[in-house]
Amino acid sequence: MTAASAIAEGRAVLGIELGSTRIKACLVGDDPNAVIATGSHEWENQLVDGVWTYSLESVESGLQSAYAALVADAQSRHGVAPTAFAALGVSAMMHGYLAFDEAGELLVPFRTWRNTSTGAAAAELTELFGVAIPQRWSIAHLHQAVLDGEAHVGRVHHLTTLAGYVHERLTGERVLGVGDASGMFPLDAEGAGYDPELVARYDAAVAGSALAGSISGMLPAVLPAGHEAGRLTAQGAALLDPTGALQPGVALCPPEGDAGTGMVATNAVAPRTGNVSAGTSIFAMVVLDRPLARVHPELDIVATPAGAPVAMVHCNNGASELAAWVGTYRRFAEIAGAPISADEAYSLLFAEALDGETDAGGILAYNQVAGEPVAHLSEGRPLIVRTPDSRVTLANVMRAHLYGVFATLSLGMRVLRDEGVEIDRMYAHGGMFRTAGVAQRFLAAALDAPVGVAESASEGGAWGVAVLAAFTARGGGDLAAFLDDEVFAAADSQPVAADQDDVAGFAAYLTHYEAGLDVHRRAIEVL
């Protein structure tokens, strides 16, 4: 069957992901591996009154722009525009704080995962619950508002994530997928819902505060992958497609966070598998085959979209600083009379990094645009640091930038290694890995483990949530088996083993990087 017939007959499946820098739409055909149309919309977070945020108006306009681009792509490539789908799924940045009153009005601007203003709440909740509660989790944001006596606390009726908000706008259903819900409040051992004992502890802890009612009533219902999570309403169809061509009635899968869709996009949902997602942030997910021995502040326990426990190392800062420096080199090429595209610049500069010294010649690159809890940095101060005898070459500078993207992640992953956690396979995805073999090789060095980059993950989380929607359309079942047998059966993950010279060089870099964090902390004080 052709892609055109799949679109015309409503058999195609749509995935939409609201990422940090792009809202992306991805359409797959009868085969979930067959990406038949895409669309995207670029956007950026805003720092408003010290808070990293996106407006809900930009969410709405961005969704419409990305969907319109997908429709145009389908029309251009296949001669037909979609009016219905077999299923639809929404994914977005995990965590953060979207609080609404009883009438559904947003109480304060969306506080994203990037904010690091909830340290006191996260520490208090970690002690109260006996599990690590990161600063970016929704419950940490809510509890910080309680501690600070914010005026809106008494009006909080319900909380959700960005994916949950968009899903509710499309379906009227206030639900979340297991993975996304696990970044709001700790789940029970089965991953079937919020931990009732910890709910009771929290309710007791905030008794007498302005917060009204139990936290359990404020959180979305939890659904595992494969379940139907509502259907597209007429209002939801009009939200996505103001032209009126899109018809209501499409089934939706549970909305998920970008970590969960990244796991699906890299076939890392079974025990002892893991993945790394690199974008504005960078994080690693490792599916556990046993509980960790103790609580670690560098790790938080979340879940796969099917509910299996996952150790997550989340770093707020990924490739943004690297992208800024690539932009400066592109500008130099432009004023030199030889302008190049972004893809060409990345390809050339990444290839140059391969010629750098294994320890980057003594150059250190700190990529912290925002605060970084894993490195105990309260704010971001991007830095390049070197000693007078460092070898300043373009190759060393670029290798330092690439190492810098993976450095904080490596610090968190070291905790997992110390716990004796074993990983059978590790996959990576994100724009950094489009230049074949470079970021993949350096990540393998940072982890001292083989790393694969699956070709089928090229569309990232938007494709991952389309796969989850296809899983729902097929009636659910065993997600790991579905991925192995129907999605990744013929995939080539291109594993690259760690080069031991690179491993030694990265280890030397990381030793100096850790020591140099004091320079970063001093920069926060004076700049």
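In strand β13, I282, A284 and V286 point one way and F283, M285 and V287 the other way, and all of these residues are buried. Buried means under 20% relative accessible area, while exposed means over 50% and partly exposed lies in between, with a 1.4 Å probe and protein chains only. In a regular strand the side chains alternate between the two faces of the sheet. Six of the six residues of β13 (residues 282-287) are buried, so the strand is largely enclosed by the rest of the structure.

The model is predicted: local features need pLDDT of at least 70 and side-chain atom pairs count only at pLDDT 80 or more, whereas totals for chains, interfaces and linings use all residues. Residues are numbered from 1 along each chain as its sequence is written, and side-chain values use heavy atoms, with hydrogens and water left out. Strands (E, at least two residues) and helices (H or I, at least four) are DSSP runs, numbered from the N terminus.

What surrounds β13 can be followed strand by strand. Strand β12 (residues 273-278) pairs with β13 in the antiparallel sense over five bridges; two strands pair if DSSP finds at least two bridges between them. N275 has M285 in β13 as its bridge partner. Three residues lie between β12 and β13, and the two strands form a hairpin. Strand β15 (residues 309-315) is also antiparallel to β13, and six bridges join them. Here I282 stands opposite C315 in β15.

These strands belong to an open sheet of five, in the order β14-β15-β13-β12-β18, with mixed pairing. Its edge strands are β14 and β18 (425-429), each of which pairs on one side only. From one strand to the next, the twist averages 25°. Helix α9 (residues 258-265) lies across β12, β13, β15 and β18 and runs at about 65° to β13. Such angles run from 0 to 180 degrees between N-to-C directions, and the axes are lines fitted to C-alpha atoms, for helices over the stretch in contact.

The loop between α9 and β12 holds N267. N267 counts as buried, at 7% relative accessibility. Leaving aside neighbours within four places in sequence, N267 is in contact (heavy atoms within 4.5 Å) with R425, Y427, L483, D484 and F488.

A second open sheet can be traced next. Its five strands have the order β3-β2-β1-β6-β11, and the pairing is mixed. β3 (35-42) and β11 (256-257) stand at the edges with a single partner strand each, so one side of each is left without a neighbour in the sheet. Strands β1 (residues 13-18) and β2 (residues 22-28) run antiparallel and are joined by six bridges. G15 stands opposite C26 in β2. Helix α2 (residues 56-78) lies across β1, β2 and β3, at about 145° to β3. Helix α5 (residues 162-171) lies across β1, β6 (87-92) and β11, at about 145° to β6.

The empty spaces come next. Rolling a probe the size of a water molecule over the atoms shows where empty space is left. On a 1 Å grid over the protein atoms alone, a cavity is a set of points where a 1.4 Å probe fits but cannot get out, and a pocket is an open set with protein on both sides within 12 Å along at least five of seven lines; lining residues have an atom within 4 Å of a point. Grid points are joined across faces, edges and corners, and a volume is the space filled by probe spheres set on the points.

The second largest pocket holds about 710 Å³ of space. Its lining has 31 residues, of which V131, L187, A189, I301 and P309 lie nearest the centre. The elements giving two or more residues to this lining are α7 (196-205) and β14 (300-303), and β14 gives the most, with four. The lining divides into 19 nonpolar, five polar and seven charged residues. Nonpolar covers Ala, Val, Leu, Ile, Met, Phe, Trp, Tyr, Cys and Pro, charged covers Asp, Glu, Lys and Arg, and the others, Gly among them, count as polar.

S182 is found in the loop between α6 (178-181) and α7. S182 is buried, with a relative accessible area of 2%. Apart from neighbours within four places in sequence, S182 is in contact with W137, L187, I301, V302 and A303.

The whole structure has three cavities of 30 Å³ or more. About 40 Å³ of space lies in the largest cavity. Among the residues lining the largest cavity are G177, V178, L223 and P224.
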